[in-house]
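Me: I'm new to this one. Can you walk me through it?

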Amino acid sequence: MIIEFRSLDLESFSRIWDSGHNDNYQDSWPQKLEKTPTLEWQPVYDRWQIVMQEILHNNMPIGYIGLSPKSDKTAHLGYGIYNEFRGKGLCRKACSLYLEKQIPLLSKEIKYLMGTTLPENKRSQKVLKRLGLDFYKKVVESHNNQNINYLQ
């Protein structure tokens with residue numbers, strides 16, 4: 001199994017945007033990129049280009065992943081696997097490989113790795129636990145979303 005990572009470009013960003021991704025955060029998108037005003041998607045693209053990469057399995061795009069340092073001495077792990085590739089162990093493998101490469105590059109000020117998932121997303125919770133993260137707390141966001149944080 002060959003898993004690689006590629007920098008985000010507009011084509012890969014479009015693939016992610018159009019994948020039906022919905023994590024109930026404010027930046028989840030209800031429509032295809034081509035039907036979304038540039039003013040809505042451009043700030044997301046600019047931010048994601050810095051921290052996200054596309055996941056390739058045998059040279060085929062299967063999802064995305066990123067590690068974003070925060071001011072509270074944490075780095076937030078974000079990822080998503082396209083529907084047709086879920087349930088095959090690819091997410092855990094990709095996350096493991098990605099973290100193996102990225103953690104040594106983080107600032108020494110980063111003390112914790114955090115992953116966030118929705119309470120009903122059992123697959124993502126399982127991935128985070130298999131990565132060695134432990135349940136930290138349940139959070140209710142200001143826009144009425146409930147999330148579960150895992151911390152290492």
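Reply: Here is a quick tour, starting with the whole chain and moving on to its parts. Keep in mind that this is a predicted model.

Me: How many helices and strands does the chain have?

Reply: Four helices and seven strands. Along the sequence, the pattern reads β-α-α-β-β-β-α-β-α-β-β.

Me: And what share of the residues counts as buried?

Reply: Of the 152 residues, 45% count as buried. The accessible surface of the chain is about 9,100 Å². Carbon and sulfur atoms account for 49% of that surface.

Me: What about contacts between residues at least 6 apart in sequence: what share joins residues at least 24 apart?

Reply: That share is 56%.

Me: Let's zoom in. Is strand 3 largely enclosed or open?

Reply: Largely enclosed by the rest of the structure. Strand 3 covers residues 60-69, and eight of its ten residues are buried, so that is the conclusion.

Me: How does strand 2 run relative to strand 3, parallel or antiparallel?

Reply: Antiparallel. Strand 2 spans residues 52-57, and six bridges join it to strand 3. In one of these pairings, Leu56 has Pro61 of strand 3 as its bridge partner.

Me: What links those two?

Reply: A hairpin, with two residues between strand 2 and strand 3. Asn58 sits in the turn and has a positive phi of about 50°.

Me: How many bridges does strand 3 make with strand 4?

Reply: Seven, again in the antiparallel sense. Strand 4 is residues 74-81. Gly63 stands opposite Ile81 of strand 4.

Me: Which residue takes a positive phi in that hairpin?

Reply: Lys73, with a phi near 70°. The hairpin of strand 3 and strand 4 has four residues between the strands.

Me: Pick a residue in strand 3 for me.

Reply: Take Ser68, which is found in strand 3.

Me: Is Ser68 buried or exposed?

Reply: Buried. Its relative accessibility is 16%, and the cut-off for buried is under 20%.

Me: What does Ser68 touch, leaving aside neighbours within four places in sequence?

Reply: Ser68 is in contact with Val51, Thr74, Ala75 and His76. The Ser68 side chain also makes a polar contact with the side chain of Lys70, at 3.3 Å.

Me: How far apart in space are Ser68 and Leu113?

Reply: They are 9.6 Å apart, C-alpha to C-alpha. In sequence, 45 residues separate them.

Me: You listed Thr74 as a contact of Ser68. Where does Thr74 lie?

Reply: Thr74 lies in strand 4. At 6% relative accessibility, Thr74 counts as buried. The side chain of Thr74 makes a polar contact with the side chain of Asp72, at 2.5 Å.

Me: New topic, helix 1. Which of its residues are buried?

Reply: Helix 1 runs over residues 10-17, and its buried residues are Ser12, Phe13, Ile16 and Trp17. Seen down the helix axis, they fall within an arc of 140°, so they line one face of helix 1.

Me: What covers the buried residues of helix 1?

Reply: The cover includes strand 1 (3-7), helix 2 (38-51), strand 2 and strand 3.

Me: Last one. Which residue caps the N-terminal end of helix 1?

Reply: Asp9. One of its side-chain oxygens lies 3.2 Å from the backbone nitrogen of Glu11.

Definitions and conventions: Residues numbered from 1 in each chain as written. Predicted model: local features only at pLDDT ≥ 70, side-chain atom pairs only at ≥ 80, totals over all residues. Heavy atoms only, no water. Buried < 20%, exposed > 50% of the residue type's maximum accessible area, 1.4 Å probe, protein only. Pairing = 2+ DSSP bridges. Contact = heavy atoms within 4.5 Å. Polar contact = N/O pair within 3.5 Å; in protein donor to acceptor, adjacent residues only side chain to side chain. Arc of directions from axis to C-beta. Areas by Shrake-Rupley, 256 points an atom, 1.4 Å probe, with all protein chains shown as cover.
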